[in-house]
Amino acid sequence: MKTIGVLTSGGDAPGMNAAIRAVVRTSIYNKARILGIKQGYNGLLNGDIEEMNLSSVADIIHRGGTMLRSARCDEFKTERGINKALNIIQVFGIDGLVILGGDGTFRGAKNLKDAGVPVVCIPCTIDNDMGYTDYTIGFFTAVETVVDAISKIRDTSTSHGRANIVEVMGRECGDIALYAGLAGGAESIIVPEIEPDIDEVCRKIIQGRNRGKLHHIIVLAEGIGNAYQVAKEIEDKTGAETRVTILGHIQRGGTPTSFDRIMASKMGNMAVELLLSNQFGKAIGIKCNQIINVDLDEALNSEKVFDKQMYEITKILSI
Ligand code: ADP
């Protein structure tokens, strides 16, 4: 293993840069050549590839986004796309790939693996929707962003005695809502994994109002439906003025938290170590605070389990 390629694909996540830095520096430390592939799988199809050195990754550990840029690439899902990629891999003399991204990116990586390319994947997505790992890179940074927003909204919510819905990302996975809701002291959390009960939300608003509570924060994951409709229903049933804040792509950016940087650094380092010791077709993760690796197929087949116990705690603490 002498030449390693690294790419970032799919939705970007804060901490990707810290992982790229770790991949590049661990490769160079081990005297391997390291190539940066631009714009996800697109760069692998059109040869948008550059050799990296120690300074290529200087001054990026604290930056959100990805210096290699990211993109979606439909052609890569086709057999033609895979064949093009195999050709570029051969032309550039790439012996192994470190692939950073989410679930979709991992599926693309599996196709490469099945075609005989040595790959190791690093989980990067703010959604934390991958079942084989406790956390994904970028998740806790997104949670921090949401908690910061909730704190600000809570101030104005209190001043005006309003209810506020904060819509966060997470189409199928309510983890951002769950974690940020607990850390932000939200009164109600609405996630795709649990059947929503708007009447219960309304009861809480009324009970809170009766005991002199001025604010009411509802964190709602985007997958659950239209926040404005929920707000209207709450207003109709409680009479409480209800405002909606949709945080959107703010959650995808910003300087990564220390946890994301540390996890990214360890995972990037392990990815290269695995490739250099001829251990391929792996996905790196974190379980019980240990950096682990599992077979890519196993990672893709692991079902994400919602933390119901944590959800129950948020309910108890927001009575
Ligand atoms: P994420 O990695 O954040 O989940 P996407 O689902 O958009 O993001 O996937 C990123 C890229 O990975 C896609 O643009 C495509 O190139 C590749 N990809 C996604 N799903 C598949 C699949 N089922 N088979 C092959 N490649 C895929």
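Reply: Rings of Phe, Tyr and Trp (its six-membered ring) form an aromatic pair if their centres lie within 6.5 Å; planes under 30 degrees apart count as stacked, over 60 as edge-to-face and the rest as tilted. The structure holds 11 aromatic pairs. The model is predicted: local features need pLDDT of at least 70 and side-chain atom pairs count only at pLDDT 80 or more, while totals for chains, interfaces and linings use all residues. Residues are numbered from 1 along each chain as its sequence is written, and side-chain values use heavy atoms, with hydrogens and water left out.

Me: Why is the pair of Phe106 and Tyr132 called tilted?

Reply: The ring centres of Phe106 and Tyr132 are 6.3 Å apart, so they count as a pair, and their planes stand at 40°, so the pair is tilted. Phe106 lies in helix 4 (residues 103–114) and Tyr132 in the loop between strand 5 (119–123) and helix 5 (139–160), so the pair ties together parts that are 26 residues apart in sequence. Helices (H or I, at least four residues) and strands (E, at least two) are DSSP runs, numbered from the N terminus.

Me: What makes the pair of Phe139 and Tyr179 edge-to-face?

Reply: The centres of Phe139 and Tyr179 are 4.9 Å apart and their planes make 85°, therefore the pair is edge-to-face. Phe139 lies in helix 5 and Tyr179 in helix 6, so the pair ties together parts that are 40 residues apart in sequence.

Me: Are Phe139 and Tyr179 buried or exposed, and how do you know?

Reply: Buried means under 20% relative accessible area, exposed over 50%, and partly exposed in between (1.4 Å probe, protein chains only). Phe139 has a relative accessible area of 0%, so it is buried. Tyr179 has 15%, so Tyr179 is buried too.

Me: How do you know that strand 6 and strand 8 pair?

Reply: Two strands pair if DSSP finds at least two bridges between them. Six bridges join strand 6 (residues 163–168) to strand 8 (residues 216–221), so these parallel strands pair. Val168 stands opposite Ala221 in strand 8.

Me: Why are strand 7 and strand 9 called edge strands?

Reply: Four strands form an open sheet in the order 7-8-6-9, with parallel pairing. Strand 7 (188–190) and strand 9 (242–246) are the edge strands, each pairing on one side only.
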